[in-house]
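Here is a short report for a reader new to this structure. It covers cavities, a helix pair and a strand.

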Amino acid sequence: MPIASVNPATGETLKTFEALGPEGIEKRLAAAHEAFLEYRVTGFGERARLLKRAAGLLEEDQDDIARTMTSEMGKPITAARAEAAKCVKAMRWYAAHAERLLADEAVPDEEAADSGASRAFVRYRPLGVVLAVMPWNFPLWQVVRFAAPALMAGNTGLLKHASNVPQTALYLGDLFHRAGFPEGCFQTLLIGSAEVEGVLRDVRVAAATLTGSEPAGRSVASIAGDEVKKTVLELGGSDPYVVMPSADVDRAARVAVTARVQNNGQSCIAAKRFIVHEDVYDTFTERFTARMEGLTVGDPLEESTDIGPLASEQGRADLEALVEDALRLGAGALCGAGRPEACPRGWYYLPTVLTGITPRMRIHREETFGPVATVYRVADLDEAVRAANDSPFGLSSNVWTRDEGEVARFVRDLEAGGVFVNGMTASHPAMPFGGVKRSGYGRELSGHGIKEFCNTTTVWRGGAER
Ligand code: NAP
């Protein structure tokens, strides 16, 4: 894939970039490693000062970087600004909390003594250079949620961003540089995915994190496994959104629309499968469909736009193929299922609601990366849990009910990295984020995220020192 910004609203190529050659890659690898040797011994106060400066710069740049993201990958401009603001918040959160999250942990005296120690504790030390392979869908956020904790922990980062968001990728490298992080602490590598293996196998790279599709995750994890290097994988999702009879159905239908179409439907944690109890199925489906049909599809740079184009022509073709397969096998479309006539240029797709989904259809098992919802009717709680878990993915889940017994059952039984009750899944710096099953492993954000790329070190001091 060429490294280029192509405006998905028009198909126009905005800018192309030359990929780094072997010398450019080597220069950055060496810089990242050398930077780590010095940066690892800086204190939390100094790291926090730099990260807060980066947050301040990003806040100043918010409008410009939002326009860059929208022109590269098509998200509505309002959402792009919100994404930048969320990054600022996460940077400040880690600047404020990293020292506490990574404080030494004492082993209780009695247990230390039982091991023969006068005292023992755990120290979280940085791992080294971490390679971050990132996707285009939240081109700023996905990177910052890795970079902020990694830099606060004392690691250095190399970013291999998706090939269709090179301007956002270069902006990020520049941002950390302007903030004053020492040379080499955070660098953008403009490389294609074929070059990832060489970088990952380099002895100076300690670990990798990948957010993206399952094939990319499998490839990076198997190479890292071969090299015995730590990985975190944040992969696809097909989150269930369960609506039970005691729910506020009107609110559930309203929030369902945002949960499905945020970021033009291209979010890993978007609700994708709507599993509705038969007592409220008709009411929910009617209200949900009416709201989906009422969305404004159009130029993502317009403030009033709800849904812009999909990020790539291929992405739209993949989505169309999933919908066509479902319709051919008997699914019904309550709305959408086609391209908007009003937007002949660009890679737009109409908000779509499909019913009558069966296990034979690809859409039943595959991720829909676009504004397409599938609705399932279930008879009771057991069937709702079974339907929710009937997916290869396990990223997050949403449940709507006022019945505490049902809440307890969902929290106990849903196979997902999150259970959001009476609201939609969203990430927050203080809460761990990640999945199970084919959605990946490891966690980002919170204390769990920052410790993923730390060397959890046992410090044991002998009894003679007592
Ligand atoms: P993708 O094709 O997997 O690309 C993601 C990144 O991986 C890009 O930088 C890409 O580089 C690189 N890549 C692709 N194939 C690779 C390989 N074989 N080896 C090494 N690197 C490789 O995914 P995408 O289409 O950009 O993003 C959509 C997917 O990401 C969806 O499945 C979505 O659910 C998932 N996602 C997950 C999360 C989460 O937190 N769980 C968040 C956002 C998105 P090139 O661009 O150069 O190919």
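## The second largest cavity

Six nonpolar, five polar and four charged residues make up the lining of the second largest cavity. Ala, Val, Leu, Ile, Met, Phe, Trp, Tyr, Cys and Pro count as nonpolar, Asp, Glu, Lys and Arg as charged, and the others, Gly among them, as polar. The space in this cavity is about 60 Å³. Of its 15 lining residues, P240, A388, F393, E415 and A416 are the closest to the centre. At least two lining residues each come from β10 (239-243), α13 (381-389) and β15 (393-394).

This is a predicted model: local features need pLDDT of at least 70, side-chain atom pairs count only at pLDDT 80 or more, and totals for chains, interfaces and linings use all residues. Residues are numbered from 1 along each chain as its sequence is written, and side-chain values use heavy atoms, with hydrogens and water left out.

## The largest cavity

The structure holds three cavities of 30 Å³ or more. A cavity is a set of points, on a 1 Å grid over the protein atoms alone, where a 1.4 Å probe fits but cannot get out; lining residues have an atom within 4 Å of a point. A volume is the space filled by probe spheres set on the points.

The largest cavity has about 90 Å³ of space. It is lined by 14 residues, and F146, P149, G449, E452 and F453 are the closest to its centre. α5 gives the most, with four. By class, the lining has seven nonpolar, three polar and four charged residues.

## Helices α2 and α3

Helix α2 (residues 44-73) and helix α3 (residues 77-101) have axes that come within 8 Å and cross at roughly 180 degrees. α2 and α3 are therefore roughly antiparallel to each other (angles over 145 degrees count as such). Their contact has 19 nonpolar, three polar and eight charged residues. Axes are lines fitted to C-alpha atoms over the stretch in contact, with angles from 0 to 180 degrees between N-to-C directions.

## Strand β14

Six of the seven residues of strand β14 (residues 372-378) are buried, so β14 is largely enclosed by the rest of the structure. Buried means under 20% relative accessible area, with a 1.4 Å probe and protein chains only.

β14 pairs in the parallel sense with strand β11 (residues 271-277) over five bridges. Here V276 has R377 of β14 as its bridge partner. β14 also pairs in the parallel sense with strand β13 (residues 352-355), over three bridges. L354 has T374 of β14 as its bridge partner. Two strands pair if DSSP finds at least two bridges between them.

Technical notes. Parallel < 35°, antiparallel > 145°, perpendicular 65-115°, else oblique. 1 Å grid on protein atoms, 1.4 Å probe; cavity = no way out; pocket = protein on both sides within 12 Å on 5 of 7 lines; lining within 4 Å. Buried < 20%, exposed > 50% of the residue type's maximum accessible area, 1.4 Å probe, protein only.
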